[in-house]
Amino acid sequence: MGTGALLVGLALLVVTVAYVGRPFRPNPTREADDRVIEGWVSALRPAADSGRARFCTACGNPLAPSHRFCPSCGTPVVGED
Amino acid sequence: MIAETGSLSTLLALGAALYAALASSWGIRRRDSRWLQSGRNALYAATGLLGLAVLLLFLAFLSNDFQVSYVYQHSSLELPLYLKATAIWAGQEGSLLLWSFLQVAIAALVVRGTSEKQRPLTPWASVFLAVIGAFFVGVTFFLQNPFRLLPTVAANGQGLSPLLRHPGMVFHPPALYVGYVALAVPFAFAMAGLVTGKVADWPAAARRWTLTAWVFLGLGIFLGARWAYDVLGWGGYWGWDPVENAALMPWLVATALLHGSVLQEERGTFRTWNIVLAVLSFLFVLFGTFATRSGLIESVHAFGRSSLGYYFLGFMALTVLVSVVLTLRRRAALASTAEPRGLLSREGMFFLTLVVLMAITASVFIGSVLPSLTDALGGRRLEAGPEWFDRVTGPQFAVLVLLMGVCPLVGQSLASLRRLRARAVVPIVGALVLIVAAVITGFGKLGSIIGFGVVGLAGATILMEYVTAAASRSRRLDESPLRSLWHLFGRNRRRYGGYLVHIGIILMAIGVIGTRSYSQERDLVLASGDPASFGGYTFVYEEARQESAADHLSLIGRFTVYRDGAYLVTLQPQLQQYPGSEQNVAVPALRVSLKEDLYVVLSSVSGDGSSATIRVVVDPLVNFLWLGGLVLLAGGAIAVWPSTQLQRRTAAESRRGMVVTAAGLVLGVGIFVAAGAVMWAGGHGASVQASGRPLPGQTAPGFMTTSLDGSPLRLSDMAGQVVVVNFWSTWCQPCEDELPALQSVWEDYRDRGVLFVGLASNDQEPAVRAMTERLGVTYPVAMDNNEAIASTYGITGVPETFVLDREGRVAKVHIGQVSADQLRQDLDSLLGGQ
Amino acid sequence: MANKGKFLVAGSLVVIAVIYLMLSSTGSSARYFLTIDEMRAMGADATTRNVTVSGAILGDTIVYDPSGPHLEFTIAQVPGDPEEVKKAGGLAAVLDAAVADPNAPRLEVVYDNVKPDALQPRTQAILRGRLGEDGRFHADEILLRCPTRYQEDVPAQADTAA
């Protein structure tokens, strides 16, 4: 493998890691479509008031309103409160 | 350097795709937006890296980097630039790289989805899409790396397979790949629906993607059929080859999924169906790749039997496992909320449509694997040819078209029989009209009559649907009917675009009936100047010539075609020979008309050029197929067009929306006009002259002129004698060579009632006089000024010699130089025993 | 629930009709895919229905008359089972062995059509047609597969060569 290719590959790696890791920086710059992601997160929280069935976010097992832990996999039920 | 960077870029993309799957699922579990963002960024990064890899592969082709094995195998120095771009997907490795790129790119597009319905499903869908993408990237990198290097550098590559050197190759494979990768989206949304338990909403969330996949897959299949028709030279467009079937099956399932989705959105029914259909359509994409790569399917195409197939088999097994487990866990939620209405309802019709579509898919599947299947069952190996597929799927397609016609009649549900009776008049009239039209124009076979009836019925129903809807809107809103029709498309794109798709299918059905039951073909061996007839056409072989292009030699045959004794067209089919490939490519010549295409392929030309063998195919109604395909795709495009009604917009946004819509409209119309022009405007080796030669047996056109010595020369004066008319020019060497032969024959026969006339075409009088004097020509010679006579005789060059019998009819035509012996033979036979 | 039953019945009717279509078409239009031996073993049956037979082309037997056009050649038996071909070292080796073996079953083939370009010695010919009363095979269609191309990976061609 040539040194040139190796260097270019390394540069690509650095850029990729930097880009992928950007949301974890202490003061992430907000992007326009981060609103979309916030939308996802709120959509992931089961609506507490709705009569809809709730499901465990880890394994998808249906949850009763009283459940604090998933009876199937034990994941704590979060986002309720 | 290029290749190594490409490899590294692919490897990084694999890492990014895997990370995206992990980060997104972790983010979902923790409901942490940072992880979700990071996963999304990883998908963007993977898309960029694979885009870079594709670009680098293209660069390797451009720079003729023959150390790269893939470039060596599929390119050469002489290859034209646009073909170097298409060579990217000419082989397995490159097409997999392109596939991976598109697969990841579509995942990146999906995560941008913002609609209310998509929001709760997108995170999980992105996980599934990232896994699928990673699988393809992994297969590309580890098993089929297009950047693999050869130990030595070759001076030149092996060149692109001649069959792929066609402009159709620019669009056909990428269109198919876009269709394939997009079918992963409804699958991913279905799985996301199962995981999150929101099984009701996923079809609506995935709908645009399903439609997009369907349109592109349809486009790919359509372009492939047209490419086969244009290039493969067998006069057909669909041979039920396993490779074609591999593209057809997912398309059929996607069609079913689109219909099932409509009902789920409307009434909440067909939930299980839709899950199964989404999984199946994705499975058939994998199956097609698996089957054609693993040797499971016997195909006429040359397939490498690589281990690749088994990785696909494994991935299919995983897909089945995951979807079955998820479906079983959600079976309670999948139960329909609504009780199905009766069979004679919109629901019932859709149900039957789905059943028939799946039955067709199953038939095609069984036909494709029949050799392996019968082998496994321990019997004799049986294989299904085109007749088998035609016989099995033909009636099913007919039922499908019938359902298309009946469904709008039934409406939401059939309240009463009287309603049906009231609405059935137009369709029945439509069926009768089409049957009568078919019989009158000569398509009266019993089987096809049934087909035309069904087609007419369905067509009339759909047209009625448009008319009544437009009319009622026009009445209600006091608009012009045309404006109403326009608004119908604007308001309910899916519905009316869908009807347009149905009209396309109906047009295609006409083409299919025509080509499947009325097509004729035959091989003709033609000696120069001797006419032969087939299918109502008469063919005359004129000449063959050779031309060289940048990367190939073309042998071009020239044939004049007559119908009912009248000149019709001149066809010039080609036989292209590519150095370094034993495969010749026959480029057919086409005479296109709405009633039928005349399709002529040059098979061979004898060594001395005196005779040629052609294959003639008459394809009735085939243009309805192409037209229907265009209409179908236009309908699909309308249905997939983003609706502007739903979103409230500011004035600036709506202005921008208008601009985008207008630009899209112009672009779309432009594409369709271009496609139509490619298919139906000139080219295809057909050209029309002012007139053709009179055929043997026809009366020769009269002429009246003055010979060089001043005496009048009238054909009508020569009645009762055998006349030899020779068209020539002083600047033409063969003409000069044959003059002494003509003179000597004339001298021998002049006393037996034979007249010779020389007509100097496109020439100067002094030169003609000089040459006739020098060569001692004593029979009358006249100037054919402005080729006035030559054009009535339809000659295509000099010399040409017509031998006319005593009644003034053409007995024999010699195109090119004639020998004394040939002329003597002709004259002897005309003069009989004298 | 009554409607569900109706749906089931209608669906099953369609499925049964299609199965019937497939079975009847398999009886009449599907072709047996045979080796030379197997076809001979069928006896008179092979003369009455369409079959597909494959074999290796013997180069020195090719006689072509372009004016007909009329083509004659002889093929030698190759194993029909892909596994067997694999075991014997690939298609090229199998074709070579078949051509070299004087005891391999052979079959004379007649084809009244233009000679395909790829019809070369030691290619595998897949022939569709029927066995004539004269013991020769009258082919309607010839498909050819040459070993070099076969071993190469050229699937995109396959992808597109519809």
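Me: How do β15 and β18 of chain B pair?
Reply: Strand β15 (residues 722-728) and strand β18 (residues 800-804) of chain B run antiparallel and are joined over five bridges, where strands are DSSP runs of E, at least two residues, numbered from the N terminus, and pairing takes at least two DSSP bridges. This is a predicted model, in which local features need pLDDT of at least 70 and side-chain atom pairs pLDDT 80 or more, while totals for chains, interfaces and linings use all residues. Residues are numbered from 1 along each chain as written, with chains lettered from A and ligands numbered from 1 in written order.

Me: And what stands opposite F727(B)?
Reply: That is E800(B), in β18(B).

Me: Switching topic, which residues does A17(B) touch away from its sequence neighbours?
Reply: Beyond four places in sequence, A17(B) is in contact (C-beta atoms, placed from the backbone, within 7 Å) with A46(B), V104(B), A130(B), G133(B), A134(B) and V137(B).

Me: Last one: how many residues does each chain give to the contact?
Reply: Chain A gives 33 residues and chain B gives 30. On the side of chain A that touches chain B, α1 (3-20) and α2 (34-44) of chain A are the elements giving two or more residues, helices being DSSP runs of H or I, at least four residues.

Notes:
Contact = placed C-beta atoms within 7 Å.
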